[in-house]
Every structure is written in structure tokens, then in C-alpha cells.
Amino acid sequence: LRVTTMGGFGTLWTRCRCEASRWGPLATGLGVSLLAASPRPHAESQPSNEPETTIIGKLRKVMPKIAQCCAPDERSPKLEERAVSLQFLRDWQSALEVELGRNIVEKMNSFHIVGEKSAHSDTWIVDPPRKVQPLRSPDWSIRYLTREKSLSLVEMLRLAEKVTGDTTLAHDAEDRPYFGLPTLFLSYPWTTRYSNTLEAVDAQQPGKEDYFWFDIFCVAQNDFEPMAEKNKNEDLDRATEGLPIRTCRATWMVATPWENPEAFHRIWCLNELYNTVNSEKLFELIMPPDDADAFQESLEDNFESLAHVLSRIDFMKAESRNPETKERILQTVTTTIGSTKANEIVIGNLRSWFAKTGRAALAKKPESERDGSKLANSLAALLKDQGQYEEATELAQKFLAYQESAVGLYHPHVATALNNLAGLLNAQ
């Protein structure tokens with residue numbers, strides 16, 4: 001009988017696994033008495049009784065065999081060549097739901113999945129920046145599952161497939177590979193719920209040929225002993241330099257909450273956007289469907305305030321849970337182009353995205369409403385800030401003509417439109 005206790009200062013959660021049939025009656029009795037102390041408000045929250053059939057369960061089962069084999073002489077694949085399929089991301093979520101229940105998993109973020117925070121009490125397993133012993137993390141966490149060789153999860157699963165010959169560790173139910181060369185880089189704060197990230201990715205309808213560079217799966221997460229620390233730091237250094245981004249065609253940044261995305265204030269995300277621009281790759285902000293709908297509705301009335309959020313972006317003030325991480329990134333940025341120039345590059349690229357989104361929203365409006373809309377006027381102001389005077393002037397002239405026709409030459413709205421147009425012409 002193996003009893004695994006999870007949680008912290010909150011509710012005590014206990015999962016019992018019977019590993020020999022002779023312990024069955026005892027396991028049943030013990031399991032009922034312990035689990036009865038844990039409130040489960042909904043039936044769908046209850047974990048399955050067959051966790052060993054999932055990808056997490058299979059990896060956990062073969063870990064003793066992996067422990068007996070030698071660590072690979074050379075890490076493979078390289079950091080910039082590790083990526084996971086969309087089906088892998090879905091299957092990992094499903095495996096976590098089997099372990100913990102859907103209600104818990106839908107609230108989990110990367111700190112929980114990696115094994116730095118308790119999924120039940122949301123408390124730190126070890127207060128940062130202290131190093132976490134993987135055996136203190138839950139047995140479904142990435143830290144625990146990769147502890148034997150201190151590799152990334154992608155490397156560990158590929159090694160497990162090689163050692164055991166079990167192809168289901170690296171292939172989905174349709175026998176498509178879980179792992180491949182990255183085509184899309186996912187940028188997001190670790191506080192973002194995994195379920196929200198997956199919804200945002202799903203909404204983009206990526207192709208089956210797409211593979212995602214997703215840091216928690218592609219970067220070694222353990223640092224409890226010298227070799228583990230070496231592997232993790234090696235991965236982080238290469239990620240800081242933007243090597244994975246250079247192999248992708250685009251970066252997708254998860255922008256939640258839509259009115260002030262947390263990614264705009266996290267040092268890792270800003271650095272990833274900077275590396276995207278520097279590598280001349282495509283960039284998109286992506287959102288879960290509910291956030292995307294609210295964002296589209298706000299474009300008409302709040303476009304200026306949304307764009308104003310960009311003015312608060314600052315590399316030097318950006319946050320990081322780990323001070324060493326921020327220092328590593330700032331050192332790279334300040335010794336190359338400086339934080340001021342980096343801010344200009346990042347803000348300029350985000351303004352371009354807002355302008356592209358504003359144009360698309362404007363094009364969807366009925367032609368009779370387009371020229372006189374508040375969105376057209378706000379978009380002209382944003383384009384002016386970007387130095388795109390020709391397009392901005394055209395929008396401002398059409399807005400002025402619409403106002404003159406709608407309210408007459410001597411209305412205050414016309415005076416405002418004239419003033420905006422004069423400012424544009426003067427800026428040129």
C-alpha cells in the first residue's frame with residue numbers, strides 16, 4: 001500500500017493506491033476513511049480509479065526501469081528542437097484530471113503542474129527562491145516525474161519510450177508523434193491557468209503539423225543537485241537568448257486578463273517578445289474565447305485605453321518570481337541594446353498588433369458607419385503615434401467629412417475632428 005499525502009495548511013488530500021491485491025481490503029478501508037475528510041463538492045472532481053492508463057501514470061510506472069539505465073551522454077533533442085503537439089497538451093490535461101479531478105485542474109497553473117505549489121492549498125511547497133526537492137512535489141508533477149535523470153519532460157518521455165519500447169509514451173491514440181520540431185512559441189505568465197492557455201491555443205485552430213515550444217515541458221525543471229542545476233541553467237540560458245524562438249514561425253502570447261494582460265508586466269514575456277521581433281518572426285496575442293469576445297466588444301469604446309496599457313510596459317519594472325531570472329534577462333538586454341531601446345521595440349510591436357486588430361474590427365463595421373465611428377478616430381491616433389501618417393490622415397479626413405455631414409460645420413464634434421487632423425498634418 002502506498003499512501004501519498006498532498007496539500008499544505010489547507011485541506012488534507014490523500015490518495016491511496018493498492019499495489020498488491022493482498023492489501024485490497026485494508027486499502028479500501030483506509031481509503032474511505034481518509035478521503036471522507038476531503039470535501040468533494042462535485043462528482044466530476046473525483047479522480048479516476050485507473051490513473052495508470054494515462055501518460056502520467058505510464059511514465060510513473062516505468063520510472064524504476066529508467067532509474068536503472070544510464071543517463072544519455074548527450075541531451076537530445078536540443079532545447080530549440082523540443083516541442084509538443086496540441087494533442088499532447090490535451091492529453092496531459094486529461095491525465096491531470098484523472099489524478100486530481102476536473103474542478104481542481106481547471107484552476108491549476110504552471111507552478112502547480114511543475115510541482116512548486118500545492119494544487120489544493122495553493123501554497124508554496126518550498127518558499128522561493130529555495131530549491132525544491134522533487135520528492136516533496138506530488139507524484140504527478142513534472143519535477144517528480146523527471147527527477148531520475150533531471151531532464152526536461154520531453155526528453156524524459158522520449159527516453160522512457162526508448163528504454164521500454166512503449167510507443168504510447170511518445171504517440172497519441174492515432175499514433176501521431178507527441179513531439180517534433182517547434183513551429184509555434186507559446187509565451188505566457190506562469191500564473192495563467194493551464195486550461196485558459198489551452199483554450200486560447202485551441203481557438204486559433206492550429207494545424208496537426210504544428211508543434212508548440214511550451215517551457216514547462218521543454219525546459220528541465222529540477223535544480224536540487226549539481227547535474228540537475230546544470231541542465232536547468234543550460235536550458236534557461238539558451239531560452240533567454242531566444243534560441244527556441246528562432247526555430248519557430250511565430251510567437252503566440254497568451255493575453256489575459258484582456259483589459260490589462262499580465263504578460264505585459266512579466267520579464268520573461270517581454271524578453272520573449274523582444275526576441276521575436278529581433279528574430280523577425282510573426283507575433284500574435286491570443287486569448288481564451290470569453291476574453292476574446294469581451295476584447296472585441298471593447299474595441300469601439302475602450303480602444304484608446306487598451307492602447308494606453310502599452311505605455312506602462314517597462315523592462316526595468318517588469319516582475320519575476322525569481323530575482324536571478326530577472327537579473328539574467330536584464331543583463332542580456334542592457335549589454336546589447338539597453339532597456340530603453342528594448343522597451344521601444346516591444347511597445348512598437350504591440351502597437352502594430354493593436355493597429356492590425358483595429359483595422360480588422362473597422363472593416364467588419366457596415367460601410368455607412370465606418371468613417372464616423374469612434375474606432376476610426378482612435379485608430380487614426382494610434383497610427384499617428386506609429387508614424388503611419390498617410391493612413392492616419394486618410395482616416396482623420398474621412399472622420400471629419402462624416403462629422404460635417406452629420407452635425408453641420410459649426411458643431412463642437414467638427415471642431416475636435418479638425419483639431420485632430422491639424423495635429424496630424426503638423427506632425428508630418
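**Overall picture**

The model is predicted. The chain holds 19 helices and 7 strands. It has 428 residues, and 50% of them count as buried. The accessible surface of the chain is about 20600 Å². Carbon and sulfur atoms make up 49% of that surface.

**Helix 3 and the cores**

Helix 3 covers residues 86–100, which is 15 residues. At 1.5 Å a residue it should span 21 Å, and its end C-alpha atoms are 21 Å apart, so expectation and model agree. The buried residues of helix 3 are L86, F88, L89, W92, Q93, A95, L96, V98, E99 and L100. Two of the names in that list are Q93 and E99. After the helix comes G101, with a positive phi near 100°.

Which residues touch the most other members of the largest nonpolar core? They are F88, L89, W92 and F217, in a core of 62 residues. Helix 3 gives the most to this core, with 7 residues. A second core is separate and has 49 residues, including F315, L350, A361 and A376.

F217 deserves a look of its own. Beyond its neighbours within four places in sequence, F217 is in contact with V84, F88, L89, W92, I142, S152, L153, V154 and Y194. Three of these partners, F88, L89 and W92, are also on the list of buried residues in helix 3.

How many strands form the open sheet, and in what order? There are 5, in the order 3-5-4-6-7, and the pairing is mixed. Strand 3 and strand 7 (282–286) stand at the edges. Each has a single partner strand, so one side of each is left without a neighbour in the sheet. Inside the sheet, strand 4 and strand 5 run parallel and are joined by 2 bridges. L184 stands opposite F212 in strand 5.

**Aromatic pairs**

The structure holds 17 aromatic pairs. One of them is formed by F88 and Y178. F88 lies in helix 3 and Y178 in the loop between helix 7 and strand 4, so the pair ties together parts that are 90 residues apart in sequence. Both F88 and Y178 are buried.

Another pair is F111 with W124. F111 belongs to helix 5 (residues 110–114), while W124 sits in the loop between helix 5 and helix 6 (142–145), 13 residues apart. F111 has a relative accessibility of 7%, so it counts as buried. W124 has a relative accessible area of 28% and is therefore partly exposed.

The geometry of the two pairs is set out here.

| Pair | Type | Centre to centre | Angle between planes |
|---|---|---|---|
| F88 and Y178 | edge-to-face | 5.2 Å | 75° |
| F111 and W124 | edge-to-face | 5.2 Å | 80° |

F88 and Y178 also belong to one aromatic cluster, together with W92, F179, Y188, Y194, F214 and F217.

**Backbone features in loops**

Where are the cis peptide bonds at P77 and P257? The bond from S76 to P77 is cis, with omega near -5°. P77 lies in the loop between helix 2 (55–68) and strand 3 (84–85). The bond joining T256 and P257 is also cis, with omega about -10°. P257 is in the loop between strand 6 (250–254) and helix 12 (267–278).

Two residues other than glycine have a positive phi here. D175 has phi near 65°. D175 is placed in the loop between helix 7 (153–164) and strand 4 (184–187). Is D175 buried or exposed? Its relative accessible area is 53%, so D175 is exposed.

Q205 has phi near 50°. Q205 is found in the loop between helix 8 (194–203) and strand 5 (211–213). Its relative accessibility is 70%, and Q205 therefore counts as exposed.

Key. Residues are numbered from 1 along each chain as its sequence is written. This is a predicted model: local features need pLDDT of at least 70, side-chain atom pairs count only at pLDDT 80 or more; totals for chains, interfaces and linings use all residues. Side-chain values use heavy atoms; hydrogens and water are left out. Helices (H or I, at least four residues) and strands (E, at least two) are DSSP runs, numbered from the N terminus. The expected span of a helix is 1.5 Å times one less than its number of residues. Buried means under 20% relative accessible area, exposed over 50%, partly exposed in between (1.4 Å probe, protein chains only). Accessible areas come from the Shrake-Rupley method with a 1.4 Å probe; for residues, only the protein chains shown count as cover. A nonpolar core is a set of buried Ala, Val, Leu, Ile, Met, Phe, Trp, Tyr and Cys residues joined through side-chain atoms within 4.5 Å. Contact means heavy atoms within 4.5 Å. Two strands pair if DSSP finds at least two bridges between them. Rings of Phe, Tyr and Trp (its six-membered ring) pair if their centres lie within 6.5 Å; planes under 30 degrees apart count as stacked, over 60 as edge-to-face and the rest as tilted.
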